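Let's take a friendly walk through a protein chain together.

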Amino acid sequence: MAEYKARSILKHGELKAMLNGEFKDRAEEWDSDNDLGDVQLQKGQKVDIDPQGNGKYITGEVDILLEEMVNIKFASEDKDNQNTWIAVDSEQLAPHRAMQAVQEVIDAESR
């Protein structure tokens, strides 16, 4: 939920900037409404992952690929060398640095 709120705050800021005559082309940026289902993931590829589903994105690495599932290796604050299975089209998975880049906004909205 925090991810959606964060995106709405970002969109609101963009709209205000546009009203002031500023425009930033975001056509190539990650949109959380898109998923990774159409992206060809590869073993060893870095991704953003929210392993707990709490809006805290960290860097993970693709370890095993199945049709609609992917196993991601990651290290959390508590432990090193963890892994989790996640659906390729999950909101908890994004291209590397796509969600971490807006982590401050996500954290602020979660409070």
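This is a predicted model: local features need pLDDT of at least 70, side-chain atom pairs count only at pLDDT 80 or more; totals for chains, interfaces and linings use all residues.

Begin with β3 and strand β4 (residues 82–87), which run antiparallel and are joined by six bridges. Strands here are DSSP runs of E with at least two residues, helices are runs of H or I with at least four, and both are numbered from the N terminus; two strands pair if DSSP finds at least two bridges between them.

Residues are numbered from 1 along each chain as its sequence is written, and side-chain values use heavy atoms, leaving out hydrogens and water.

Now look to the other partner of β3. β2 and β3 also run antiparallel, joined by five bridges, and they form a hairpin with three residues between them. Here leucine 65 has valine 70 in β3 as its bridge partner. Stepping back, the protein chain has two helices and five strands, in the order α-β-β-β-β-β-α along the sequence.

What lies inside? The largest nonpolar core has nine residues: Leu41, Val47, Ile49, Val62, Val70, Ile72, Ile86, Val88 and Leu93. β1 and β3 each supply at least two residues of this core. Such a core is a set of buried Ala, Val, Leu, Ile, Met, Phe, Trp, Tyr and Cys residues joined through side-chain atoms within 4.5 Å. Buried means under 20% relative accessible area, exposed means over 50%, and partly exposed is in between (1.4 Å probe, protein chains only). A second, separate core of six residues includes Ala94, Ala98, Val102 and Ile106. Of the chain's 111 residues, 30% count as buried.

Valine 62, from the largest core, has contacts (heavy atoms within 4.5 Å) that include Leu41, Val47, Val70 and Ile72, with residues up to four places away in sequence not counted.

Glutamine 52, in the loop between β1 (46–49) and β2 (58–65), counts as exposed because its value is 59%. The C-alpha atoms of glutamine 52 and glutamine 92 are 8.5 Å apart, although 40 residues separate the two along the chain.
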